[in-house]
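Open the model in your viewer, switch to a cartoon view and keep the selection tool at hand.

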Amino acid sequence: MQTFMQNQYKESFEQDVLTMEKPPHQIILYNDDVNTFDWVIESLIDVCQHNSMQAEQCALIVHYKGKCDVKSGEYDELKPKCSALLERGLSAEIV
(Lines give C-alpha, C1' and ligand atoms only; values in the text may rest on other atoms or scores of the structure.)
Protein backbone atom coordinates (compact mmCIF):
# COMPACT_ATOMS: atom_id res chain seq x y z
CA MET A 1 0.00 0.00 0.00
CA GLN A 2 2.84 2.41 0.89
CA THR A 3 4.52 1.93 -2.51
CA PHE A 4 1.26 2.60 -4.35
CA MET A 5 0.75 5.90 -2.50
CA GLN A 6 4.34 7.00 -3.16
CA ASN A 7 4.00 6.24 -6.88
CA GLN A 8 0.68 8.05 -7.04
CA TYR A 9 2.15 11.13 -5.33
CA LYS A 10 5.26 11.09 -7.54
CA GLU A 11 3.16 10.87 -10.71
CA SER A 12 0.91 13.73 -9.57
CA PHE A 13 3.92 15.89 -8.65
CA GLU A 14 5.58 15.30 -12.04
CA GLN A 15 2.42 16.39 -13.84
CA ASP A 16 2.20 19.56 -11.77
CA VAL A 17 5.83 20.46 -12.48
CA LEU A 18 5.38 19.92 -16.21
CA THR A 19 2.29 22.12 -16.17
CA MET A 20 4.16 24.89 -14.38
CA GLU A 21 7.18 24.92 -16.72
CA LYS A 22 5.60 27.00 -19.48
CA PRO A 23 2.72 29.16 -18.26
CA PRO A 24 0.58 30.72 -20.95
CA HIS A 25 0.98 34.41 -21.57
CA GLN A 26 -1.93 36.83 -21.46
CA ILE A 27 -2.77 40.13 -23.09
CA ILE A 28 -3.91 42.50 -20.37
CA LEU A 29 -6.09 45.41 -21.50
CA TYR A 30 -6.08 48.48 -19.25
CA ASN A 31 -8.70 51.14 -18.68
CA ASP A 32 -8.19 54.65 -20.06
CA ASP A 33 -10.24 57.80 -20.31
CA VAL A 34 -9.81 58.14 -24.08
CA ASN A 35 -11.41 55.18 -25.88
CA THR A 36 -15.14 54.57 -26.09
CA PHE A 37 -16.83 51.30 -25.18
CA ASP A 38 -17.79 50.83 -28.83
CA TRP A 39 -14.16 51.23 -29.98
CA VAL A 40 -12.87 48.80 -27.35
CA ILE A 41 -15.56 46.26 -28.25
CA GLU A 42 -14.90 46.62 -31.98
CA SER A 43 -11.15 46.24 -31.40
CA LEU A 44 -11.56 43.09 -29.30
CA ILE A 45 -13.80 41.57 -31.97
CA ASP A 46 -11.41 42.45 -34.80
CA VAL A 47 -8.08 41.75 -33.13
CA CYS A 48 -8.79 39.05 -30.54
CA GLN A 49 -11.65 37.32 -32.40
CA HIS A 50 -14.05 37.81 -29.49
CA ASN A 51 -17.76 37.48 -30.11
CA SER A 52 -19.80 40.56 -29.31
CA MET A 53 -20.90 39.31 -25.87
CA GLN A 54 -17.36 38.41 -24.82
CA ALA A 55 -15.99 41.75 -26.07
CA GLU A 56 -18.69 43.68 -24.21
CA GLN A 57 -18.03 41.78 -20.98
CA CYS A 58 -14.28 42.42 -21.23
CA ALA A 59 -14.91 46.12 -21.88
CA LEU A 60 -17.08 46.31 -18.76
CA ILE A 61 -14.48 44.48 -16.65
CA VAL A 62 -11.79 46.87 -17.89
CA HIS A 63 -14.00 49.84 -17.04
CA TYR A 64 -14.92 48.71 -13.54
CA LYS A 65 -11.80 46.78 -12.48
CA GLY A 66 -9.16 48.77 -14.37
CA LYS A 67 -7.87 45.83 -16.38
CA CYS A 68 -8.84 42.49 -17.90
CA ASP A 69 -6.97 39.61 -19.51
CA VAL A 70 -8.46 39.49 -22.99
CA LYS A 71 -6.42 36.74 -24.68
CA SER A 72 -4.21 33.85 -23.55
CA GLY A 73 -1.70 31.85 -25.51
CA GLU A 74 1.89 31.60 -26.63
CA TYR A 75 3.91 34.81 -26.70
CA ASP A 76 4.56 34.62 -30.46
CA GLU A 77 0.82 34.31 -31.10
CA LEU A 78 -0.07 37.21 -28.79
CA LYS A 79 2.62 39.70 -29.87
CA PRO A 80 0.94 40.80 -33.14
CA LYS A 81 -2.45 40.98 -31.43
CA CYS A 82 -1.11 43.16 -28.64
CA SER A 83 0.64 45.38 -31.19
CA ALA A 84 -2.62 45.75 -33.10
CA LEU A 85 -4.44 46.81 -29.92
CA LEU A 86 -1.70 49.36 -29.19
CA GLU A 87 -1.91 50.70 -32.77
CA ARG A 88 -5.63 51.27 -32.18
CA GLY A 89 -4.76 53.46 -29.20
CA LEU A 90 -5.63 50.96 -26.48
CA SER A 91 -3.43 50.30 -23.45
CA ALA A 92 -2.31 46.68 -23.39
CA GLU A 93 0.64 44.48 -22.53
CA ILE A 94 1.64 40.84 -22.58
CA VAL A 95 2.35 39.23 -19.22
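A residue counts as buried when its relative accessible area is under 20%. By that cut-off, 26% of the 95 residues of the protein chain are buried. Bear in mind as you look around that this is a predicted model.

**Stop 1: the whole chain.** Colour by secondary structure and you will find 4 helices and 3 strands. Follow the chain along its sequence, and the pattern reads α-β-α-α-β-α-β. Now show the surface: the chain exposes about 6,900 Å², with 54% of that supplied by carbon and sulfur atoms. Contacts reach along the sequence too: among those between residues at least 6 apart, 66% join residues at least 24 apart.

**Stop 2: the sheet.** Select the 3 strands. In what order do they lie in the sheet? The order is β2-β1-β3, in an open sheet with antiparallel pairing. Residues 67-73 (β2) and 91-94 (β3) are at the edges; each of these strands has a single partner, so one side of each lacks a neighbour in the sheet. From one strand to the next, the twist averages 20°.

Zoom in on β1, residues 25-30, which is joined to β3 by 4 bridges. To see one of these pairings, select Y30 together with its bridge partner in β3, S91. Next, bring up helix α3, residues 52-65: this helix packs on the sheet and touches β1 and β2, its direction making about 135° with that of β2.

**Stop 3: the nonpolar core.** Select I27, L29, L44, V70 and L85. Within the largest nonpolar core, which has 19 residues, these five touch the most other members. Two or more core residues come from each of β1, α2 (37-48), α3, β2, α4 (75-87) and β3. Which element gives the most? That is α2, with 5 residues.

Stay with I27 and display its surroundings. Leaving aside residues up to four places away in sequence, I27 touches a list of residues including V70, L78, C82, L85, A92 and I94.

**Stop 4: a loop residue.** Finish at N35, in the loop between β1 and α2. Show side chains here: that of N35 makes a polar contact with the side chain of D32, at 2.7 Å. Then look for the backbone oxygen of G89, which lies 3.0 Å from a polar atom of the N35 side chain. Not counting residues up to four places away in sequence, N35 touches V40, R88, G89 and L90.

Definitions and conventions:
Residues numbered from 1 in each chain as written. Predicted model: local features only at pLDDT ≥ 70, side-chain atom pairs only at ≥ 80, totals over all residues. Heavy atoms only, no water. Pairing = 2+ DSSP bridges. Axes fitted to C-alpha atoms, helices over the stretch in contact; angles between N-to-C directions. Contact = heavy atoms within 4.5 Å. Buried < 20%, exposed > 50% of the residue type's maximum accessible area, 1.4 Å probe, protein only. Areas by Shrake-Rupley, 256 points an atom, 1.4 Å probe, with all protein chains shown as cover. Core = buried A, V, L, I, M, F, W, Y, C linked by side-chain atoms within 4.5 Å. Polar contact = N/O pair within 3.5 Å; in protein donor to acceptor, adjacent residues only side chain to side chain.
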